[in-house]
Amino acid sequence: MSWEESTRQKMLNLKLPTDPRWVGIAEMNLQDVLTDHAYCEQKAASSCISLILRFNDLDELVDTLTPIVAEEWGHFERVLEQIRSRGLKFGFPRKDEYVVQLTDFVKKGGSRIQQLTEQLLMNALIEARSCERFKLLSSNLTDPELKKFYYELMVSEAGHYVTFIELARKYDAPEKVNKRWNEWLAFEADVIKNLEVRGDRIH
Ligand SMILES: [Fe+2]
Ligand SMILES: [Fe+2]
């Protein structure tokens, strides 16, 4: 299966596609959307660091997430370069309504491994949605440099998505992970459906 095909399949896991109006509005708000994107990369790096600190005894997890921290921070740096090279302003972080709502869905309590599964599935979902949005940006923006940039990031985030799911299935019972993943997918579709379509946000 080609990369394109497998990624398409992976993205099809999402239950609701992004509102087609989003990408056009985002293009008109490049400064805000790039700023928001930079903070998404920062949060991706921070969340992997938190997992490493919390689950330091899980060797494969630590060894897998450590290079991802560097990659996400590399993405942050590259987004910042896009902002600077366009003479745009790197703004303040905003409240991330999407992530706040997903965090509320994390099951509290349970075993340590159950908590790990919740966190990994939430991360996988954010990667999947980011991947879907980067694909839209890559296909629809007019700026050739940004098209290429978002294509490359789409490939990278698709890889992270797979990694998070695989880690969850390694440390927890795969059938439990699959069942919970479907619940996460359904919940995320609901969150997307109810969020206002805004061009100054990646999500
Ligand atoms: Fe990233
Ligand atoms: Fe990522």
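Donors are N, O and S atoms within 2.8 Å of the metal (3.2 Å for Na, K and Ca); water is not among the atoms, so sites may look incomplete. The legends below describe a predicted model, in which local features need pLDDT of at least 70, side-chain atom pairs count only at pLDDT 80 or more, and totals for chains, interfaces and linings use all residues. Residues are numbered from 1 along each chain as its sequence is written, chains are lettered from A and ligands numbered from 1 in the order in which they are written, and side-chain values use heavy atoms, with hydrogens and water left out.

**View 1. The iron ion (ligand 2) and its donors.** E72 (OE), E127 (OE), E127 (OE), E157 (OE) and H160 (ND1) coordinate the iron ion (ligand 2) at 2.0 to 2.4 Å. Along the chain, these donors follow the spacing E-x54-E-x29-E-x2-H. The iron ion (ligand 1) is 3.5 Å from the iron ion (ligand 2). E72 coordinates both ions. E157 and H160 lie in helix α7, three residues apart, about one turn of the helix. Helices here are DSSP runs (H or I, at least four residues), as are strands (E, at least two), numbered from the N terminus. An α-helix has 3.6 residues a turn, so residues three or four places apart point the same way. Both E157 and H160 are buried. Buried means under 20% relative accessible area, exposed over 50%, and partly exposed in between (1.4 Å probe, protein chains only).

**View 2. Helix α4 and its buried residues.** Helix α4 has 27 residues. From its first C-alpha to its last, α4 reaches 40 Å, close to the 39 Å expected at 1.5 Å a residue. The expected span is 1.5 Å times one less than the number of residues. Buried residues of α4 include L61, V62, L65, I68 and V69. E72, H75 and F76 are also among them. The buried residues of α4 pack against α3 (30-54), α6 and α7. G87 follows α4 and has a positive phi, near 65°.

**View 3. Aromatic pairs.** The whole structure holds eight aromatic pairs. Rings of Phe, Tyr and Trp (its six-membered ring) pair if their centres lie within 6.5 Å; planes under 30 degrees apart count as stacked, over 60 as edge-to-face and the rest as tilted. F76 and F90 form an edge-to-face pair, 6.1 Å centre to centre with 80° between the planes. F76 lies in helix α4 (residues 59-85) and F90 in the loop between α4 and α5 (97-105), so the pair ties together parts that are 14 residues apart in sequence. F76 is buried, at 11% relative accessibility. F90 is partly exposed, with a relative accessible area of 22%. The F134 and Y150 pair is tilted, because its ring centres are 5.2 Å apart and its planes stand at 50°. This pair links distant parts of the chain: F134 in helix α6 (residues 112-140) and Y150 in helix α7 (residues 144-171), 16 residues apart. Both F134 and Y150 are buried. Y39, W73, F76 and F90 form one aromatic cluster.

**View 4. Charges over rings: R133 with W22, and K170 with Y171.** A charge sits over a ring if NZ of Lys or CZ of Arg is within 6 Å of the ring centre and within 35 degrees of the ring normal. The charged end of R133 is 4.9 Å from the centre of the W22 ring. K170 lies over the face of Y171, 5.4 Å from the ring centre.

**View 5. T18 and its polar contacts with E132 and R133.** T18 lies in the loop between α1 (3-12) and α2 (21-28). T18 is buried, at 8% relative accessibility. A polar contact is a pair of N or O atoms within 3.5 Å; within protein, one must be able to donate a hydrogen and the other to accept it, and residues adjacent in sequence count only if both atoms are side-chain atoms. The T18 side chain makes such a contact with the side chain of E132, at 2.5 Å. Another, of 2.7 Å, joins the side chains of T18 and R133. Leaving aside neighbours within four places in sequence, T18 is in contact (heavy atoms within 4.5 Å) with R129, E132, R133 and L136.

**View 6. H203 and its surroundings.** H203 sits in the segment after α8 (174-194). H203 is buried, with a relative accessible area of 10%. A polar contact of 3.0 Å joins its side chain to that of S130. Not counting residues up to four places away in sequence, H203 touches D36, C40, Y98, I126, R129, S130 and R133.
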